[in-house]
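Hi,

Here is the structure I said I would pass on. Have a look first, and my notes follow below.

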Amino acid sequence: MQQRSEQEAKAARLRRLKVLAVTATASTGMLIWGAVSGTIAATTPAATSTPQPVTRDTQANSGFFNAQDPAPGLSQTTITPATRTGGS
Amino acid sequence: MSTSTFRFRSMGTDVSVLLPSTHRREAIRVQRLFGDWDRRMSRFRRDSELSRVNAAAGTDVEVSLITLEVIGAALAAARATDGRFDPLLGARLCELGYDRTFASLPANRAEPSLAPWRPGMWRQVRVDGARSTVRVPVGGALDLGGIAKGMAADAAVAELRAAGVPYALVNAGGDLATHGVPAESPGWPVGIDNVDLAGGAALLAHGALATSSTAGRSWRSGGLRRHHLLDPRTGLPVDGELRQVTVTAASCRQAEVAAKVAILGDVADATALVLQHRLTALLVTRDGGQLRIGQWQ
């Protein structure tokens with residue numbers, strides 16, 4: 001029950017996020033990084049919470065995106081890029 | 001200890017290897033690795049293992065363990081994303097005009113003759129690990145382009161680590177993997193095309209990063225602009241809310257798949273995917289808006 005409430009709360013947060021993104025885009029033509037990313041970061045699940053499945057095949061899912069692997073974060077830097085990357 | 005950059009072209013893209021200047025010999029090993037993977041897994045080489053598999057659709061074809069591992073990972077990614085990552089889009093890309101290396105692709109192609117789209121055919125790919133064989137269904141063809149590049153980058157940094165190289169970065173045209181960081185550096189500063197990073201670069205302390213974009217690898221056919229990122233649900237180039245997605249993950253294969261899946265959906269879908277797997281991402285919308293998701297500092 002508690003898990004379901006958390007799922008519903010998360011879904012509501014994501015709906016609000018989308019509205020915010022669309023509104024910001026429409027009004028300014030450019031999303032404001034700080035404000036929006038702060039909202040998104042706040043929805044990051046706590047380390048002890050159960051990951052919320054997006055796909056139906058969650059068993060196979062855990063075999064590819066291994067939640068035990070620490071994914072790196074990012075920060076901005078003024079250091080000259082050592083490499084550039086575009087889309088593939 | 002100074003850092004050198006070693007550049008070469010392989011797997012249809014520019015590859016750069018950054019490592020200590022004293023380890024340039026190991027950079028040549030990376031070039032050999034990429035050349036080997038390209039010979040095995042290019043869909044544009046008639047004699048590659050992948051081309052033999054695609055040409056013999058409906059029958060089992062023996063392949064090397066490396067190719068088998070990449071195909072196995074691609075199918076695992078397809079299962080993990082419920083088919084939103086689909087490695088069996090090679091035939092459809094050919095129908096749409098991307099039937100040769102991008103460098104040799106004419107800017108304008110004839111009106112494509114598209115067969116009715118059958119989504120989910122990747123579920124009919126059969127892999128026999130004991131016999132090291134692969135069979136694709138008739139009418140389908142594997143395209144391992146992105147995930148093979150990502151896994152080659154992962155394999156390259158693993159090889160450099162095993163060889164005693166203290167730090168390295170391998171960037172294969174948007175698929176980027178790292179091992180360690182240069183001495184006294186907080187991470188690898190990475191510039192990302194089409195993104196206005198106020199400081200100039202994003203700092204990646206460890207792991208991998210991949211970018212998918214609808215801006216590159218495009219051509220015209222039938223009067224329409226086409227690009228190489230297909231939506232497996234429609235069999236047509238992605239035409240959604242997002243123009244570019246950059247994702248970080250522990251491995252480049254994960255980052256590559258996450259970026260490719262995230263760009264299919266809208267901002268909310270991409271956000272949910274990134275948060276579910278505890279990744280970090282930078283989204284660029286069609287109108288140039290930029291969103292940072294996950295662990296940004």
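Which residues in α1(B) meet which residues in α3(B)? On the α1(B) side they are D36(B), W37(B), R40(B) and M41(B), and on the α3(B) side I66(B), T67(B) and V70(B), where contact means heavy atoms within 4.5 Å. By type, the residues of this contact are four nonpolar, one polar and two charged (nonpolar is Ala, Val, Leu, Ile, Met, Phe, Trp, Tyr, Cys and Pro; charged is Asp, Glu, Lys and Arg; the others, Gly among them, are polar).

Before going on, the ground rules. This is a predicted model, where local features need pLDDT of at least 70 and side-chain atom pairs count only at pLDDT 80 or more, while totals for chains, interfaces and linings use all residues. Residues are numbered from 1 along each chain as its sequence is written, chains are lettered from A and ligands numbered from 1 in the order in which they are written, and side-chain values use heavy atoms, with hydrogens and water left out.

Back to the helices (DSSP runs of H or I, at least four residues; strands are runs of E, at least two; both numbered from the N terminus). α1 (residues 24–41) and α3 (residues 65–80) of chain B pack at about 75°, with their axes 10 Å apart (axes are lines fitted to C-alpha atoms over the stretch in contact, and angles run from 0 to 180 degrees between N-to-C directions). α1(B) and α3(B) are therefore roughly perpendicular (65 to 115 degrees).

Next, the cores (buried Ala, Val, Leu, Ile, Met, Phe, Trp, Tyr and Cys residues joined through side-chain atoms within 4.5 Å; buried is under 20% relative accessible area, exposed over 50%, with a 1.4 Å probe and protein chains only). The largest nonpolar core has 77 residues, and V17(B), F34(B) and V170(B) are among those with the most contacts inside it. α3(B) gives the most to this core, with 10 residues. A second, separate core of 16 residues includes L18(B) and L282(B).

There is also an open sheet of three strands, ordered β4-β12-β13 in chain B, with mixed pairing (strands pair if DSSP finds at least two bridges between them). β4 (108–109) and β13 (224–227) are the edges with a single partner strand each, so one side of each has no neighbour in the sheet. β12(B) and β13(B) pair antiparallel over four bridges, and S221(B) stands opposite L224(B).

Lastly, E184(B), not a glycine, has a positive phi near 65°. E184(B) sits in the loop between β8 and β9 of chain B and is exposed, at 85% relative accessible area.

Cheers

Notes: Parallel < 35°, antiparallel > 145°, perpendicular 65-115°, else oblique.
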